[in-house]
Amino acid sequence: MGLSTTVKSQPKPFVPADFKVPEKLETAHFRARMLTVNDVVKDYEAVMTSVEHLQKSYASTTWPTHQLTLEQNLIDLGWHQKEFQIRRSFAYTIVSLDESQVIGCLYINPTTKGDYDANITMWARTSMLDKGLDAILFNSVKQWIAKDWPFKKVAYPGREINWEDWRAMK
């Protein structure tokens with residue numbers, strides 16, 4: 001196989017090579033910044049205190065489960081961190097402004113479904129729901145994506161598209 005064939009068969013980059021990926025989104029309520037392995041303890045605590053909420057939010061019984069271990073979570077975070085570094089997908093941890101607590105997560109992923117450029121999911125930990133953080137997070141992220149990211153059409157499965165329709169979409 002020649003070089004030209006190899007280059008042609010490479011997948012289209014998720015974001016343009018010259019796009020400067022935003023380091024953070026900061027509001028009066030939270031900060032979103034790259035999720036790293038250094039967040040494992042606080043992230044694990046946020047996930048494990050929100051298992052039922054997360055399963056419902058993602059219409060899933062496979063993630064997370066009460067059997068998730070700290071080590072498994074560390075592996076997941078390492079994967080997310082590497083994907084961010086190589087610009088294949090972008091996982092942001094949502095933290096309190098003083099960084100004392102992980103209060104959610106945001107995932108910006110490529111998709112080949114429909115005519116969407118990206119699919120974006122996010123969650124707020126259970127203890128933050130009665131404070132309205134979920135709606136604040138969603139509205140803030142939608143504005144940020146529209147303003148600062150290069151996507152033309154974004155899907156928000158589980159929010160603007162129900163999970164059944166999203167999973168069935170080609």
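A residue counts as buried when its relative accessible area is under 20%, and as exposed when that area is over 50%. The model described here is predicted. The protein has 7 helices and 6 strands. By the buried cut-off, 44% of its 170 residues are buried.

**Overall build**
- From the N terminus on, the order of elements is α-β-β-α-α-α-β-β-β-α-α-β-α.
- The radius of gyration is 17 Å, close to the 15 Å that the globule rule gives for 170 residues, so the protein is as compact as a globular protein of that length.
- The C-alpha trace spans about 55 × 30 × 30 Å along its principal axes.
- Among contacts with a separation of 6 or more, 63% join residues 24 or more positions apart.
- The accessible surface comes to about 9,800 Å². Carbon and sulfur atoms hold 55% of that surface.

**Helix α4**
- Helix α4 covers residues 70-85, which makes 16 residues. At 1.5 Å a residue it should span 22 Å, and its end C-alpha atoms are 22 Å apart, so the two values agree.
- The buried residues of α4 are Asn73, Leu77, Gln81, Glu83 and Phe84.
- Seen down the axis of α4, these buried residues fall within an arc of 165°, so they line one face of the helix.
- Glu71, Ile75 and Trp79 lie on the other side of α4, where they are exposed.
- The cover over the buried residues of α4 includes β2 (31-34), α2 (40-48) and β3 (90-95).
- Arg87 follows α4 and has a positive phi, near 65°.

**Nonpolar cores**
- In soluble globular proteins, nonpolar side chains tend to be buried together.
- The largest nonpolar core has 29 residues. Within this core, Tyr92, Ile108, Ile145 and Trp149 touch the most other members.
- Two or more residues of this core come from each of β3, β4 (102-110), β5 (118-124) and α6 (133-148).
- Helix α6 gives the most to this core, with 6 residues.
- Leaving aside residues up to four places away in sequence, Ile145 touches Ile108, Ile120, Phe151, Val154 and Tyr156.
- A second, separate core has 21 residues, including Tyr58, Leu68, Cys105 and Trp123.

Conventions: Residues numbered from 1 in each chain as written. Predicted model: local features only at pLDDT ≥ 70, side-chain atom pairs only at ≥ 80, totals over all residues. Heavy atoms only, no water. Helix = DSSP H or I, 4+ residues; strand = E, 2+ residues; numbered from the N terminus. Expected span 1.5 Å × (residues − 1). Buried < 20%, exposed > 50% of the residue type's maximum accessible area, 1.4 Å probe, protein only. Arc of directions from axis to C-beta. Contact = heavy atoms within 4.5 Å. Core = buried A, V, L, I, M, F, W, Y, C linked by side-chain atoms within 4.5 Å. Rg over C-alpha atoms; globule rule 2.2 N^0.38 Å. Areas by Shrake-Rupley, 256 points an atom, 1.4 Å probe, with all protein chains shown as cover.
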